[in-house]
Amino acid sequence: MALRIVKNPHLHFILFGVILALLPTVGRGMGMKTSTLQTLGFMLIYAIVALGLNLLLGYSGLISLGTAGFMGLGAYLAAYFQDDLKLGFWLAVLAALVIPILIGLVVGVISLRIRSIYLAIATLCISEILLKTFEQLEWFTRGTAGKQSRYPTIFGAQLDRNAVFIVIVIALVIVMMLTYNMVHGQMGRALHAMRSSEVAAQAMGVNILKYKLFAFSVATMYAGLGGALYLFFLRSSYPTTWSLFMSLTMIAVVVVGGLRSIYGTVLGAFVIYAVPELFLKKLPVIGGIAGLPYIFSGVLIILVIMFFPNGLKGLADIARNLVVRLRARTAAKEVAA
Amino acid sequence: MTGALKDGEILSVEHLSISFGGLKALDDVSFSIREKEIFGLIGPNGAGKTTVFNCVTQFYTPDAGAVWFRYDPERLRHHRRTASPDSAGAPQTEVIDLVGKKTHTIIRYGLVRTFQNVEVIPELSLIDNVLIGAHVDFRATMVEQILRLPRAREEEKAYRDKALKALEFMGLGPLSDQLAGGQPYGVLKKLEMARTLMAEPTLIILDEPAAGLNDNETEDLAATIRRVRDEYQCAILLVEHDMRLVMNVCERICAISFGKFLALGTPAQIQQDKLVQEAYLGEQE
């Protein structure tokens, strides 16, 4: 029984969440700066969005360069429903989930016809259309002046920065658990089959249309959720945020963290987003270079693709194998002695 | 409706024709397979064997002709999540023309195939690869699975046990948790067979299973094919180049050449057949 609890992955996610949720309180006691908490919050949002992209890129073998557009859509929808329509936190979140799903379904249908680089171009175009819309549709987004928002109120309680951080942690834990369930079981195997060979997947009864729609709608839903959380945490949204660079950063998170790995994705978000913000910018001389994060993630992507195709998760596997092998060797020596 | 199939037949291909551009890949090909029969489809390179195969499994839609298949309607009720009527007595079978059905629905009738180039997923363990064969059998909905509700958990466990049995039947039990990537070719071929067994097929179509195997492995394969038929009580359609394997295991053989039907009979009859000899060896001077 005890072993079963130790091995239950869902409990691991919850434990992981509890540790993260304690950060604001514990951190303040240890003199953590507000800006550090801000960076960690954004990092967790990146992890949520990148988990959706990993479902596409890692499991289903589908590419999307449109992540930023869907995130932006989620952010503006959340702001519109919360601040303009005054419909409250829950309806704002619901809108930021449901409307991106509908767009995701459209992209899913497109992906039936086109593949690889062409799919990347098509999704990039959708994202750019959304970006232009954000700039022009002033009643909805306030255009380039930026949409201002405020911390949400949940069940009558006005949240502050720390409370929104905890909301982000809860969202991340839920997303990790749902993603885990999606990829371990019949649906995950169907996605694997689809990536490996659509022809073989169909022969095994996998409905390609259904699973492409599923993968894209989950990815856009996570992006929409990430966008809404981004808005609640930053309390503003500008069109420039939702550019191609954001989409590319998400791909970097997935590739560096590890395709088809849930914890790897969170680790990827840490390395790609938090490490430059928290550490690199404080280094002498090179810390002052503008665009240092771009250089950092670019170099990392090249290194990972060349030497560790499974990303940081692959590194962890290599380390684990070493330990297992060392243990086996020690055991063999003991037997010999 | 069972008029299209004689009693004891599981599949009947009737007047199958298909052209690609101006080329007639199949021209009026007909044959039928009996239940629990090991049936061979042979022909020289480019004869249209694989095209027949793809027309049966609906990867291609033939220009003309029919593919009659006998199935147990109980299976479809399971897949459509509808309750079965209280019908007493012997199990009823129905006959359907597969032409025009969607590719991914074919497995539901009990017809499964393997691939010439072995289509397994290298990133998954052997047992997870086999579980893909049970994809259409899952009754838990997506929501039940995403929330991991009891029915989804129970089903996963039940099919996992079944998959382990299929792996053990193919002699791969000890490897069940290893990744498929990097396994020897012979293991992957067996893995693909184990995957077809998950669907409880009534007809398995093997696409050149001996390709890439050495003599010993081919002999082993012949024994395996017989064992599968005896244990799972299904018909097997073998599309094969390796004459020794075909002559060794098939009860009846259909030969085609340049998209046309040549002959149908026992291995001995086929070996004696003038047309078949000409097709393989060229016309006698």
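**View 1. Asp230(B) is partly exposed, at 47% relative accessible area.** Partly exposed sits between buried (under 20% relative accessible area) and exposed (over 50%), with a 1.4 Å probe and protein chains only. Its partner is Arg229(B), and the two side chains meet in a salt bridge with 3.0 Å from N to O. A salt bridge here is a side-chain nitrogen of Lys or Arg within 4 Å of a carboxyl oxygen of Asp or Glu. Arg229(B) counts as buried, at 13% relative accessibility. This is a predicted model, where local features need pLDDT of at least 70, side-chain atom pairs count only at pLDDT 80 or more, and totals for chains, interfaces and linings use all residues. Residues are numbered from 1 along each chain as its sequence is written, chains are lettered from A and ligands numbered from 1 in the order written, and side-chain values use heavy atoms, leaving out hydrogens and water.

**View 2. Arg150(A) and Asp83(A) pair up in a salt bridge, 3.6 Å from N to O.** The pair links distant parts of the chain, 67 residues apart: Arg150(A) is in the loop between β1 (147-148) and β2 (153-154) of chain A, and Asp83(A) is in helix α4 (residues 67-84). Helices (H or I, at least four residues) and strands (E, at least two) are DSSP runs, numbered from the N terminus. Asp83(A) is buried at 12%, while Arg150(A) is partly exposed at 37%.

**View 3. Lys281(A) forms a salt bridge with Glu277(A).** Their closest N and O atoms are 3.1 Å apart. Lys281(A) is partly exposed at 40%, and Glu277(A) is partly exposed at 28%.

**View 4. Salt bridges link Arg189(A), Asp128(B), Glu156(B) and Arg160(B) in a network.** Over all chains, the whole structure has 23 salt bridges.
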